[in-house]
Every structure is written in C-alpha cells, then in structure tokens.
Amino acid sequence: MSDFSALHVALSGLQAAQLGIDTTSHNIANSATEGFTRQRVELASRFSRSLPYGQLGLGVEIVDITRARDVFLDNRFRTDAEAFSSSGVRADLLSKAERILGEPESGLSGELSALWSSFEDLAISPQDTAARQGVVSQLEATAVRVRSITDGLDALGATEAFSLATTIEDSNELLHQVADLNQAILDAGTAGGSPNDLMDQRDVLLDELSSKLGVKVIPQGDGSVRVSLNGMALVSETNVSELSFDSATFSVLHPTGVELAVGGEARGFQTFLQDDLVGLRADLDAFVVEFADNVNSVHSAGWVSSTEMGGDLFAYDPTDPAKTLSAALTDPARLATATTSGPPFPAFDGGNADALAALRTSLVAGGGTETIEGAFRAIVTDLGQATATAHSGARSQASLLSSSDRARMSTHGVSLDEEMVSMLEYQRMYEAAARVMTAIDEALDVLINRTGVVGR
C-alpha cells in the first residue's frame, strides 16, 4: 500500500462518488415526498502520510450523510403554523355562529318586524279575530326563533367541545409517535451516522403538533428532541406526558395537574368556547330579558275588559332566558288592546296595541339608547365584526406561514435542477477516479510485465 497508495486514493474517490450518486438519486426519488429533507454527502480529506519531503494525502473520507435542515427556519415555520391554525379555527367557528343567527334572510330581525306589524294590524282592528290570532301566532313564532338560535349555538358548542377533545387525543397519539421515533433514532445512532429519514418523519409529526398545540421543540445532543408546552415536558427522549381535557371548563391539563395555555388549533377552539360563545350567549340572554320585559310591561298596562288588565305575553326562566323563552298568552281574546277600562269598556280602543307596535321605534333597550331591533342588530354587528377581524387575521397569518414555508423549502427542499448538477459532478468525479485507477494499472503493467525485457 505504501508504494501504490494511489490505488487506494483512487478507490476512495470511486466510493465517495458512488455514494454521492446514490444520495442524489435518493433526493430525486423523494422530491415530492412530504417532509423529506435534501441530503448531502459530507467529505473530508483523509489523514496524510509523512514522507521525507513532506505530507502525502491519502484520498477522501466519507464523514456523514447530512440533512440540509435549519433549526431557526423550523422554529419560525412552526410558530407561524401555530398562529395560523389558531386564528383559522376561530374564524371558521365564528362564521358558523353567524350562519346560526341567520341574518338577514332568516334571522330574528324578520320575526321581530312581523311581530310589530301584527300589533299594528291589531291596533287598527282590535275586534278582528284574525288580527288577534295573528298576534298570538307571531308571539310563538318569535319565541321559537329565539330558542332555535340558542339551540343552534348550544349544539355548535357541544360539537366543537368534542372537536377540542379529539384534538387533544390526536395530539397525545402524536406525542407517542415522536417518542417512538426518538427511540428509533437513538438506536440507529449507535450504529454510526445520522438516521435522516427517521428524523424527517419526526419533523412531520412535530410540525403537526405545533399546528395543533403550539409546542416548543428543543433538539438534544443525542439526536432525540424534547417537546414542551409552557415549559412543561410532554416528550423527553422516550417518556411521554399525556394531556387531559376538562369538558366543563375546556381546559387542557398536564399530568401534574397544571393548566396549560395551549396554542394552535386547540387555542382556536378554546377561545371560541370560553370567550366568543359565552359572550354571544350572554348578549342573547340580556336581549331576551329586555325584549320580553318591555313587551310584557306595555301589555300589562292595557285592558282586556273593564275589570281585567293585560298580563305577560312572554315567559322565560331567568337562569337561561334565551333557551326558555315562550309565549305566555295563547288565547287571542285575552289580548289587552285598550288603554282604559271605561266605563263603558272601549271595545274598539286599540291604543295599547298601538303602544306595543311603537316598540319598533321606541328607545327602550341598551339603557334607553336603542330600539329593541337595534339592540339585536348590535349583537349581530359585533359578531360580524369579530368574524371579519378573525378572517383578516387568518389571511395575514396564512401569508406569513406561506413566506416561512418558502424560506424553509429553499433550504431543505429538493431542487431537481440542483440535483442534476450534483449528479453530473459525481459522475465526472467517478470517471476521473476510474481514469486514475486505469493509469495506475497501466503503470503497474509496465513495471511488472515489461521491466527487464529490454533487448530480448
């Protein structure tokens, strides 16, 4: 070897070129594989041999096959993915709540307008049986519409609470998969080299976990990763701390009992369930109380007959007004249309019915600053503004996520043009090393077979 080390030098070149071609082929084959990271052969000069006249290199050494991965770009992408998922989920849920309100085509505003119109008809013809029946029917239709909105919102809350629970279950499964890959990577690491494809699989899971929970990922020196949330470990090497979900408060808990401030999809569900939906239901309850109390108050001031004043038109449970609103009067004859009791009783007096119709424009809601319909429109407007803001935020986050994804892909994505250039470089390297080996073979042939035959 000391005399013909050039053969081993050429061999090392052939081996390095062959591995480079194989790695480039692997990159090309996986150019469309989700989460695949471009791989590169890391080469270094072999140790030198000392000669009387200097150091002689002994070829090339294959150090490792590495991934073109940037931790900073990974963290940036996962942060943007967390924010996008959170804002996107919340925007979608607010849109669903808007559709449940059904404004303006099939919402409560139409029923309220029809109720005021039925009072106007009754004021014109207080003795008309059809007009009286129209009021009674519209009272029930208005109550039914309020209850249907409330039932829709409650059903939406139950559905999305289940979705949040499912998100936590899926996240726990992902945590176990990350731990399993940690173990596989640690096992593969003992054999030397980097288990790049296993790391790619783990990174896909970590991206998904960031989108669902907003976790933080810290690479460890042994090749494993530590996954945490609010500083609390969820995955440490092969150990997993499963999350739990409180369906009453929509809280996410660490096994230690600590409530965690989650991000990603889970945060979007939490924000809607804990804040948006609760606020919307509270506003709807407050509106129903104002609406029913004002209608009841005006009707109670009127007269059914010379001896009987009007009673409540609506009834509700104060602990849950919107869900329990119902028509308290079902007998058209007991509508209090008159403003006085007589005598004699003014059977054709529609003054109180007119006062009920005047609630369409009377400033009796919002502390005397809004009409009843205006108070409901304020609820719809607030929800619409929140929805528009959420969608605008989601679009902004989508733009940021797209930018960070492009930046990350420019580093670890596979460019077929670059791979073709690499393929040609390794091909020429292989050809040159083979030519060196051929030249050495020819020199050896001269030395072995032709030396000492001069003159024969």
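Which residues does Phe-119 touch, not counting residues up to four places away in sequence? The legends below describe close-up views of a predicted model, beginning with the surroundings of this residue.

**View A. Contacts of Phe-119 and the largest nonpolar core.** Not counting residues up to four places away in sequence, Phe-119 touches Val-135, Leu-139, Leu-313, Ala-353, Leu-356 and Ala-357. The largest nonpolar core of the model comprises 77 residues. Phe-119 is one of the residues with the most contacts inside this core, together with Trp-116, Val-227, Phe-287, Phe-291, Leu-313 and Phe-314. Helix H4, spanning residues 129-189, supplies the largest share of the core, with 17 residues.

**View B. Packing of helix H4 against helix H6.** Helix H6 covers residues 264-300, and its axis comes within 10 Å of the axis of H4. The two axes cross at roughly 165 degrees. Because angles over 145 degrees count as roughly antiparallel, H4 and H6 are therefore described as roughly antiparallel to each other. H4 passes H6 in a left-handed crossing. The residues that form the contact of H4 with H6 comprise 16 nonpolar, six polar and four charged.

**View C. Packing of helix H3 against helix H9.** Helix H3 (residues 108-124) and helix H9 (residues 372-412) pack at an angle of about 175 degrees, and their axes lie 10 Å apart. H3 and H9 are therefore also roughly antiparallel to each other. On the H3 side, the contact is made by Leu-108, Ser-109, Leu-112, Ser-113 and Trp-116, while H9 contributes Ile-372, Glu-373 and Phe-376. By residue class, the contact of H3 with H9 divides into five nonpolar, two polar and one charged. Trp-116, which takes part in this helix contact, is also among the residues with the most contacts inside the largest nonpolar core.

View D. Glu-419 lies in helix H10, which runs over residues 416-450. With a relative accessibility of 0%, Glu-419 counts as buried, since the cut-off for burial is under 20%. When neighbours within four places in sequence are left aside, the residues in contact with Glu-419 are Thr-24, Asn-27, Ile-28, Arg-38, Arg-40 and Val-414.

**View E. Position of Ala-81 in helix H2.** Ala-81 belongs to helix H2 (residues 71-101). Its relative accessibility is 5%, so Ala-81 counts as buried. Not counting residues up to four places away in sequence, Ala-81 touches Ser-211 and Leu-401. The C-alpha atom of Ala-81 is separated by 70 Å from that of Asn-449, which is 368 residues apart from Ala-81 along the chain.

Terms used
Residues are numbered from 1 along each chain as its sequence is written. This is a predicted model: local features need pLDDT of at least 70, side-chain atom pairs count only at pLDDT 80 or more; totals for chains, interfaces and linings use all residues. Side-chain values use heavy atoms; hydrogens and water are left out. A nonpolar core is a set of buried Ala, Val, Leu, Ile, Met, Phe, Trp, Tyr and Cys residues joined through side-chain atoms within 4.5 Å. Buried means under 20% relative accessible area, exposed over 50%, partly exposed in between (1.4 Å probe, protein chains only). Helices (H or I, at least four residues) and strands (E, at least two) are DSSP runs, numbered from the N terminus. Contact means heavy atoms within 4.5 Å. Axes are lines fitted to C-alpha atoms, for helices over the stretch in contact, and angles run from 0 to 180 degrees between N-to-C directions. Angles under 35 degrees count as roughly parallel, over 145 as roughly antiparallel, 65 to 115 as roughly perpendicular and the rest as oblique. A crossing is left-handed if the near helix is turned anticlockwise from the far one by less than a right angle, and right-handed if clockwise. Ala, Val, Leu, Ile, Met, Phe, Trp, Tyr, Cys and Pro count as nonpolar, Asp, Glu, Lys and Arg as charged, and the others, Gly among them, as polar.
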